[in-house]
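Colleague: I would like to go through this structure with you. Could we start with the charged pairs and then turn to the interior?

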Amino acid sequence: MIYHFSLQLAALIAGAILCLLGAIGFATEPTARNVMAGFPRSRGAGMVILAIDLLWSFWLVSTMEMGEFSAFRRPFLVALPIGFFLTLRFVDEFLAVRALGILALLMAEPLLDAAFFRYESSRLVLTVLAYVLVVLGLTWVMVPYKLRDQISWFGKTTARWRGINAFAFIYGATLIALAFLSY
């Protein structure tokens with residue numbers, strides 16, 4: 001185990017983030033729709049999220065048990081900042097989307113780690129969220145224009161926008177409730 005989060009703590013954090021995002025998206029609908037429409041091509045957001053990805057990845061590589069690959073720790077620690085600067089220099093298209101995809105992949109691991117070897121059926125609510133993050137993360141990294149299309153589709157009508165934000169809020173509230181009642 002890398003993160004040492006309990007299932008309860010992982011569900012509380014994931015639920016709080018989902019509730020917060022859902023509430024902000026629902027409450028500030030016109031502003032949030034405009035901000036999200038410009039997000040995929042936002043260089044500033046891409047730089048910030050990619051910096052978070054770099055710090056998280058650097059911490060992971062420097063602290064995780066690598067077994068027989070321990071000899072590669074130092075080259076990885078050198079390659080991460082070099083890759084960060086090369087990405088900033090040469091990736092102009094959809095940098096924010098690709099960085100968000102990497103962040104989604106990084107966020108899925110602690111959720112799966114917390115649910116590992118747990119026998120409650122309710123753990124699957126958190127596991128489903130983790131695998132959705134994996135699929136979305138891989139999609140956004142490989143085909144970044146898909147996030148632009150997804151934002152465009154959800155932002156096309158008020159009902160869709162409110163629906164996705166209400167779903168995120170309800171899913172987050174469910175995770176929080178499960179954290180207190182089941183985990």
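Modeller: A salt bridge is a side-chain nitrogen of Lys or Arg within 4 Å of a carboxyl oxygen of Asp or Glu. By this rule the count comes to 6 salt bridges. This is a predicted model, in which local features need pLDDT of at least 70 and side-chain atom pairs count only at pLDDT 80 or more, while totals for chains, interfaces and linings use all residues. Residues are numbered from 1 along each chain as its sequence is written, and side-chain values use heavy atoms, with hydrogens and water left out.

Colleague: Which residue does Arg 43 meet in a salt bridge?

Modeller: Its partner is Asp 92, at 3.9 Å from N to O. Arg 43 lies in helix 3 and Asp 92 in the loop between helix 4 and helix 5, so the pair ties together parts that are 49 residues apart in sequence. Helices (H or I, at least four residues) and strands (E, at least two) are DSSP runs, numbered from the N terminus.

Colleague: Is Asp 92 buried or exposed?

Modeller: Asp 92 is exposed, with a relative accessible area of 57%. Buried means under 20% relative accessible area, exposed over 50%, and partly exposed in between, with a 1.4 Å probe and protein chains only. Arg 43 is partly exposed at 34%.

Colleague: Which residues are linked in a network of salt bridges?

Modeller: Glu 29, Arg 33 and Arg 162 form that network. Glu 29 belongs to helix 2 and is buried, at 9% relative accessible area. Leaving out residues up to four places away in sequence, Glu 29 touches Thr 158, Trp 161 and Arg 162; contact means heavy atoms within 4.5 Å.

Colleague: What about the largest pocket: how many residues line it?

Modeller: There are 39 lining residues, and Ile 17, Leu 18, Leu 21, Leu 133 and Trp 140 lie nearest the centre of the pocket. On a 1 Å grid over the protein atoms alone, a pocket is an open set of points where a 1.4 Å probe fits, with protein on both sides within 12 Å along at least five of seven lines; lining residues have an atom within 4 Å of a point. Helix 1 gives the largest share of the lining, 9 residues.

Colleague: Last topic: where is Phe 94?

Modeller: Phe 94 sits in the loop between helix 4 (73–90) and helix 5. Phe 94 has a positive phi of about 55 degrees although it is not a glycine, and this residue is buried at 6% relative accessibility. Phe 117, in the loop between helix 5 and helix 6, also has a positive phi, near 60 degrees, but Phe 117 is exposed at 60% relative accessibility.
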